[in-house]
Amino acid sequence: MAQLIDGKAVAARVRAEVKAEVDRLKVERGLVPGLAVVRVGEDPASKTYVTGKKKAAEEVGFHSWEHHRDSTVSQDELLALVHRLNEDPAVHGILVQLPLPRHIDADVIISAVRPEKDADGFHPMNAGSLLLGRAATRPCTPLGVMRLLEEIGCEPSGKRAVVVGRSNIVGKPMALMLLQRNATVTVCHSKSDLPSEVSRADILVVAVGVRELVKGAWIKPGAVVIDVGMNRKEEDNKLVGDVEFAAASERASFITPVPGGVGPMTIAMLIRNTLEAAIRSLVPSSY
Ligand SMILES: NC(=O)C1=CN([C@@H]2O[C@H](COP(=O)(O)OP(=O)(O)OC[C@H]3O[C@@H](n4cnc5c(N)ncnc54)[C@H](OP(=O)(O)O)[C@@H]3O)[C@@H](O)[C@H]2O)C=CC1
Ligand SMILES: Nc1nc(=O)c2c([nH]1)NC[C@@H]1CN(c3ccc(C(=O)N[C@@H](CCC(=O)O)C(=O)O)cc3)C=[N+]21
């Protein structure tokens, strides 16, 4: 029977570490980190996530602002908002909640955020730095997964890691971070032979968005299973992951639950990325 990885508890610890740093920065440097979140439209999931991010920011002592715009906002209006936040010295981290309405080019908006303030690590410059193995802001979800692996004493070096999903925000950066830690990495997508690839994974990270896509029977005995998926069941409105949890738990050594696994880590890492951006702002052109 697999051991549960308590992402909620680890995330609380990460936030406590950040809070201690924030208290120190306030006393020693008079600096309060600031996070600005931009939300467009009325997607209920986005609203919940943004509320969670704002609450976490306030709990660790950050200033936080939510800029909500109607779904009819123009791309130029949104760009103007991002530019204003770029120039605001009280704002150290900027996050534009995705997805954006279809008439807005998310790539244009993401690229407009100053890389130093890109709390998500989605800007092409930060993505490129990750590819090249240089220090930069890294995407929160894969960063949170790496921290969970560390917490359970899972050393990626020499292991076979399989990442299912190749999005720019989760799958691709996840694969790069595992590669950087010397795992042998396979990236799967909609054209992959999933059962055979998954069955070879010592470390399995699934980020697809299809409820219980990965069957328990595919899991290699003793594997570490990280389920990034967040799917809301229509029947009872409960969250389920991309992995068949009960059956996978029979074979895995460690497994993350949904909810209470990767989700809270994403928020904790966003908070940490913002703290780091605030610290960097004390040293001009340190980025
Ligand atoms: N817990 C958290 O903090 C977060 C959770 N999420 C959740 O993670 C999931 C993935 O999100 P995201 O990365 O943005 O998703 P995307 O929709 O951007 O990407 C999904 C990926 O899954 C692949 N895929 C789709 N269907 C299959 C299939 N049948 N077999 C194999 N691969 C498949 C796609 O392949 P192809 O490229 O070939 O189309 C694509 O690469 C979602 O449930 C999302 O809600 C996301 C961000 C944070
Ligand atoms: N610019 C941007 N940055 C993001 O980081 C980003 C985004 N856009 N768009 C959407 C995805 C999704 N995401 C989650 C964050 C927290 C939980 C989370 O806290 N989940 C809780 C459950 C929450 C609930 O009950 O609804 C858990 O898994 O325990 C989940 C998902 C961030 N994303």
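Q: Which residues carry the UniProt feature "binding site"?
A: The UniProt record, an unreviewed entry, places this feature at Gly 165, Arg 166 and Ser 167. UniProt positions follow the numbering used here, feature names are shortened, and annotations may be inferred rather than shown by experiment. The structure is a predicted model, in which local features need pLDDT of at least 70 and side-chain atom pairs count only at pLDDT 80 or more, while totals for chains, interfaces and linings use all residues. Residues are numbered from 1 along each chain as its sequence is written, and chains are lettered from A and ligands numbered from 1 in the order in which they are written.

Q: Why is Gly 165 called buried?
A: A residue is buried if 20 or more other C-beta atoms lie within 10 Å of its own, exposed if 12 or fewer, and partly exposed in between, with C-beta atoms placed from the backbone. Gly 165 has 24 other C-beta atoms within 10 Å and is therefore buried. Gly 165 lies in the loop between strand S5 (160-164) and helix H7 (171-180); helices (H or I, at least four residues) and strands (E, at least two) are DSSP runs, numbered from the N terminus.

Q: What makes Ser 167 partly exposed?
A: Ser 167 has 16 other C-beta atoms within 10 Å, so it counts as partly exposed. Ser 167 lies in the loop between S5 and H7.

Q: Which residues are in contact with Gly 165, leaving aside its neighbours within four places in sequence?
A: Two residues are in contact if their C-beta atoms, placed from the backbone, lie within 7 Å. By that rule, Gly 165 is in contact with Val 170, Gly 171, His 189, Val 206, Ala 207 and Val 208. Ser 167, again not counting residues up to four places away in sequence, touches Lys 172 and Ala 207.

Q: How many residues surround ligand 1?
A: A residue is near a molecule if its C-beta atom, placed from the backbone, lies within 6 Å of it. On this basis 26 residues surround ligand 1, and the closest are Ser 167, His 189, Ser 190, Gly 209 and Thr 266. Helix H10 (262-281) supplies the largest share of the shell around ligand 1, three residues.

Q: What classes of residue make up the shell around ligand 1?
A: Ala, Val, Leu, Ile, Met, Phe, Trp, Tyr, Cys and Pro count as nonpolar, Asp, Glu, Lys and Arg as charged, and the others, Gly among them, as polar. By these classes, the shell around ligand 1 has 12 nonpolar, 12 polar and two charged residues. The shell around ligand 2 has 11 nonpolar, six polar and one charged residues.

Q: Why is ligand 2 said to lie between domain 1 (30-115) and domain 2 (140-263)?
A: Both domains give residues to the shell around ligand 2, so this ligand lies between them. The domain bounds come from an automatic or database domain assignment. The shell has 18 residues, the closest being Tyr 49, Leu 98, Pro 259, Gly 263 and Thr 266. H10 gives the most to this shell, with four residues.

Q: Which peptide bonds are called cis, from Leu 98 and from Val 258?
A: The bond from Leu 98 to Pro 99 is cis, with omega near 0 degrees. The bond from Val 258 to Pro 259 is also cis, with omega near 0 degrees. Pro 259 is found in the loop between strand S11 (254-255) and H10.

Q: Why does Glu 212 count as partly exposed?
A: Glu 212 has 18 other C-beta atoms within 10 Å, so it is partly exposed. Its phi is near 50 degrees, a positive value in a residue other than glycine.

Q: Which members of the largest nonpolar core touch the most other members?
A: A nonpolar core is a set of buried Ala, Val, Leu, Ile, Met, Phe, Trp, Tyr and Cys residues joined through C-beta atoms within 7 Å. Of the 85 residues in the largest such core, Val 163, Leu 204, Val 205 and Val 225 touch the most other members. H10 gives this core its largest share, 10 residues.
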